Amino acid sequence: MHELAVTESIIRICCEEANRHKVQRVLEVRLEVGELKGLIPDCIQYYFDIASKGTPAEGARLIINKIPITMRCRNCGEESEAAPSINFTCRNCGGKDFKMVKGNEFLIQSLEVE
Ligand SMILES: [Zn+2]
């Protein structure tokens, strides 16, 4: 269900863009999705194909660029790609206090239109 909601918002944006630029069809959609979102690209494409029928986005190909979760050490500023975990320590200073700086993104990078 999560993927379905996400897909509907992608299609809505595609349609708005298509209208604004007076184009008939969207061919390709590039997305940036943070790993924390836990979305499955195949699922998104599957729902997209169903939900985009009859819209300018019908048949468009989704290209999903996954952004790994990145944690920044609050002590020394070192950034590490990692899943948040209680055992995680900074490889630079051994600190345990982190801020997540990447991994929660969800954005449309670009649309290719006809
Ligand atoms: Zn550190």
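Colleague: Let's start with Phe98: buried or exposed?
Modeller: Keep in mind this is a predicted model. Phe98 comes out buried, because its relative accessible area is 13% and the cut-off is under 20%.

Colleague: OK, now the metal. Which residues coordinate the zinc ion?
Modeller: Four cysteines do it through their SG atoms: Cys73, Cys76, Cys90 and Cys93, at 2.3 to 2.4 Å.

Colleague: And what spacing do the donors follow along the chain?
Modeller: The pattern for the zinc donors is C-x2-C-x13-C-x2-C.

Colleague: Why is the arrangement called tetrahedral?
Modeller: Because the angles subtended by the four donor atoms around the zinc ion run from 102 to 115°, and tetrahedral needs all angles between 85 and 135 degrees.

Colleague: How about Cys73, buried or exposed?
Modeller: Cys73 is buried, at 2% relative accessibility. Cys76 is partly exposed, with 33% relative accessible area.

Colleague: Switching topic: which residues touch the most other members in the largest nonpolar core?
Modeller: Ile10, Cys14, Val26, Val29 and Phe48, out of 17 residues in that core. At least two residues each come from α1 (2–20), β1 (26–34) and α2 (41–51). The biggest contributor is α1, which gives six residues.

Colleague: What is Ile10 in contact with, leaving aside its neighbours within four places in sequence?
Modeller: Val29, Leu31, Ile44, Phe48, Phe106 and Ile108. There's also a second, separate core of seven residues, and its members include Ile69, Cys73, Phe88 and Cys90. Two of those names, Cys73 and Cys90, came up with the zinc ion as well.

Colleague: Where do Phe88 and Phe98 sit in the chain?
Modeller: Phe88 is in the loop between β4 (79–81) and β5 (98–102), and Phe98 is in strand β5. They're 10 residues apart, so the pair links distant parts of the chain. That brings us back to where you started, with Phe98 buried.

How values were computed
Residues are numbered from 1 along each chain as its sequence is written. This is a predicted model: local features need pLDDT of at least 70, side-chain atom pairs count only at pLDDT 80 or more; totals for chains, interfaces and linings use all residues. Side-chain values use heavy atoms; hydrogens and water are left out. Donors are N, O and S atoms within 2.8 Å of the metal (3.2 Å for Na, K and Ca); water is not among the atoms, so sites may look incomplete. Four donors count as tetrahedral if all angles lie between 85 and 135 degrees; four count as square planar and six as octahedral if opposite donors are over 155 degrees apart and all others between 65 and 115; anything else is irregular. Buried means under 20% relative accessible area, exposed over 50%, partly exposed in between (1.4 Å probe, protein chains only). A nonpolar core is a set of buried Ala, Val, Leu, Ile, Met, Phe, Trp, Tyr and Cys residues joined through side-chain atoms within 4.5 Å. Helices (H or I, at least four residues) and strands (E, at least two) are DSSP runs, numbered from the N terminus. Contact means heavy atoms within 4.5 Å.
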